[in-house]
Amino acid sequence: MTSRRLHPAWLVAAVAFIALIGAAGFRATPSVLLQPLHDEFGWSLGTISAAVSVNLLLYGLTAPFAAALMEKLGMRRVVAAALVLVAAGSGLTVFMGHSWQLILCWGVLVGLGTGSMALGFVAIVTGRWFVARRGLVTGVLTAGGATGQLIFLPVLARLADSSGWRTAALVVAGAALLVVPLVWWRLRDRPAELNALPYGAVEEPPPAPVNPGGAARTALRSLRDAARTRAFWLLAGGFAICGATTNGLVGTHFIPAAHDHGMPSTTAASLLALVGLFDIAGTIASGWLTDRVDSRLLLGAYYGLRGLSLLVLPSLFAATAHPSMVIFILFYGLDWVATVPPTVALCREYFGNRGAVVFGWVFASHQLGAAAAASAAGLVRDRLGDYDTAWYAAGGLALLASLLSLMLLAGRRTSAAGPAGPGIGLAFPAAASPAAPAS
């Protein structure tokens with residue numbers, strides 16, 4: 001009787017999941033420490049939000065270059081180096097005394113480190129190691145971010161409240177270093193290294209195309225070609241709004257906004273962590289749906305529902321976590337990063353073998369939107385005394401993102417009827433058709 005062994009793809013996915021949990025935890029720190037830094041140093045929320053914006057911006061802009069670098073040097077080296085960079089950036093904040101040092105450590109170092117473990121990393125892992133269950137695994141790995149938020153937010157909030165923000169920063173640095181040995185031991189770049197096929201594949205996949213030049217040249221060439229397509233701009237525009245309405249606004253400013261209404265920071269942090277709990281379920285379900293439903297329709301629905309919920313949010317803030325706010329948290333959590341699996345799938349569909357690097361650029365637009373929203377919301381709070389205008393603007397933008405996603409359907413119909421418009425698949429190899437899901 002032949003024993004069934006666990007496919008090595010699942011071990012690689014598990015290590016990637018742990019690294020992504022850590023990256024999300026490191027990036028959860030700003031929302032927890034915003035108020036303590038304001039109280040200790042007297043820096044305005046706009047000044048502190050500028051450091052968050054640099055972090056978010058570099059987190060996105062690093063992603064396509066990191067994805068191209070993983071093609072050249074391998075995932076293991078890039079991810080291990082990124083974790084060390086995060087540890088340095090978080091640990092050095094305990095010595096700072098000026099706001100520019102916050103921007104350097106929290107913005108530049110942590111932004112570069114976490115950007116190297118962004119969702120382009122997810123696209124590479126799933127693209128190399130999975131044929132069957134690709135959408136589902138994308139959803140599970142993306143949920144690693146929500147899991148990290150769920151684990152780290154309450155812990156960091158309590159540490160900052162009881163032992164000071166420096167203790168929380170050092171815990172983040174230590175957690176980053178602890179993941180490095182596991183990544184070096186178990187993360188592998190391609191199935192061929194273990195004499196295996198990708199999960200669900202029945203034959204050896206064709207060798208990856210060789211891209212001449214360095215990683216930066218590969219990333220920039222992919223951007224140049226993708227930018228000639230209509231599909232890229234629709235995806236990037238929608239994903240920029242996605243970043244503005246999640247990491248940039250809710251992820252950064254929910255806790256201080258709740259604090260404005262008399263809610264303790266620890267309670268608000270627990271609510272934000274609860275978003276992460278429901279996000280896990282929502283993202284995995286979105287991955288499952290991506291294997292079965294047109295991704296364009298999924299994105300249209302996700303963005304539309306998000307916009308409606310944000311328009312209601314300003315009326316829900318209070319000193320206590322009443323049932324209406326809990327319902328919002330549940331709903332918003334299910335929708336938080338449910339957009340990622342269909343966006344990854346569409347990048348692979350439109351841009352073929354360069355899909356992971358192009359998704360890195362689409363993700364960069366996500367972080368551009370997040371950075372703009374983080375700074376803008378801080379300025380709105382400083383100037384107007386509350387966040388209401390920021391919430392309403394974000395709701396309107398999310399409805400616009402829904403429209404942009406549905407516009408992709410028109411491009412698909414044009415492509416099916418005849419020659420593609422300026423957008424579909426220009427200068428890119430066709431993506432391989434996925435194999436049928438394994439039983």
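This is a predicted model: local features need pLDDT of at least 70, side-chain atom pairs count only at pLDDT 80 or more; totals for chains, interfaces and linings use all residues.
Helices here are DSSP runs of H or I with at least four residues, numbered from the N terminus.

## Two loop residues with positive phi

N195 lies in the loop between α7 (165-186) and α8 (215-226). The phi of N195 is near 55 degrees, a positive value in a residue other than glycine. Most residues other than glycine have a negative phi. Is N195 buried or exposed? With a relative accessible area of 77%, N195 is exposed, because the cut-off for that class is over 50%.

R133 tells a related story from the loop between α5 (119-129) and α6 (134-162). The phi of R133 is near 60 degrees, again positive in a residue other than glycine. R133 has a relative accessible area of 25% and is partly exposed, because that value falls between the 20% and 50% limits.

## Helix α9

Now to helix α9, which covers residues 230-260. How does the span of α9 agree with what its 31 residues should give? At 1.5 Å a residue, α9 should span 45 Å, and its end C-alpha atoms are 42 Å apart, which agrees. Along the way, α9 bends by about 55 degrees at F254, and a proline, P256, follows within four residues.

Both ends of α9 are worth a look. Just after α9, G262 takes a positive phi of about 90 degrees.

How much of α9 is covered? The helix is mostly covered, with 25 of its 31 residues buried. T245 sits in helix α9. At 1% relative accessibility, T245 counts as buried, because the cut-off is under 20%. A polar atom of the T245 side chain lies 2.9 Å from the backbone oxygen of I241. An α-helix has 3.6 residues a turn, so residues three or four places apart point the same way. The side chain of T245 also makes a polar contact of 3.1 Å with the side chain of R306.

## Helix α11

R306 brings us to helix α11, where R306 is among the buried residues. Helix α11 (residues 295-312) has 18 residues and reaches 26 Å from its first C-alpha to its last, close to the 26 Å expected at 1.5 Å a residue. Which residue caps the N-terminal end of α11? D294 does, through a side-chain oxygen that lies 2.8 Å from the backbone nitrogen of R296. Buried residues of α11 also include S295, Y302, Y303 and L310, as well as the glycines G300, G304 and G307.

## Aromatic rings and charges

How many aromatic pairs does the count come to? The count comes to 15 aromatic pairs. One of them is W10 with F130, an edge-to-face pair with 5.0 Å centre to centre and 65 degrees between the planes. This pair links distant parts of the chain, 120 residues apart: W10 in helix α1 (residues 8-41) and F130 in the loop between α5 and α6. W10 counts as partly exposed at 31% relative accessibility, whereas F130 counts as buried at 0%.

F254, the site of the α9 bend, returns here: F254, F317, Y387 and W391 form one aromatic cluster.

| Arginine | Ring | Distance from ring centre |
|---|---|---|
| R76 | W184 | 4.9 Å |
| R186 | W185 | 4.4 Å |

## Cysteines and a distant contact

How many disulfides does the structure hold? The structure holds 0 disulfides. As for cysteines, C105 counts as buried at 7% relative accessibility, and C347 is buried with a relative accessible area of 0%.

A last stop is L330, in helix α12 (residues 323-335). L330 and L274 are 56 residues apart in sequence and 7.5 Å apart in space, C-alpha to C-alpha. L330 is partly exposed, with a relative accessible area of 36%.

Terms used. Residues are numbered from 1 along each chain as its sequence is written. Side-chain values use heavy atoms; hydrogens and water are left out. The expected span of a helix is 1.5 Å times one less than its number of residues. The bend at a residue is the angle between axes fitted to the seven residues ending there and the seven starting there. Buried means under 20% relative accessible area, exposed over 50%, partly exposed in between (1.4 Å probe, protein chains only). Rings of Phe, Tyr and Trp (its six-membered ring) pair if their centres lie within 6.5 Å; planes under 30 degrees apart count as stacked, over 60 as edge-to-face and the rest as tilted. A charge sits over a ring if NZ of Lys or CZ of Arg is within 6 Å of the ring centre and within 35 degrees of the ring normal. A disulfide is a pair of cysteine sulfur atoms within 2.5 Å. A polar contact is a pair of N or O atoms within 3.5 Å; within protein, one must be able to donate a hydrogen and the other to accept it, and residues adjacent in sequence count only if both atoms are side-chain atoms.
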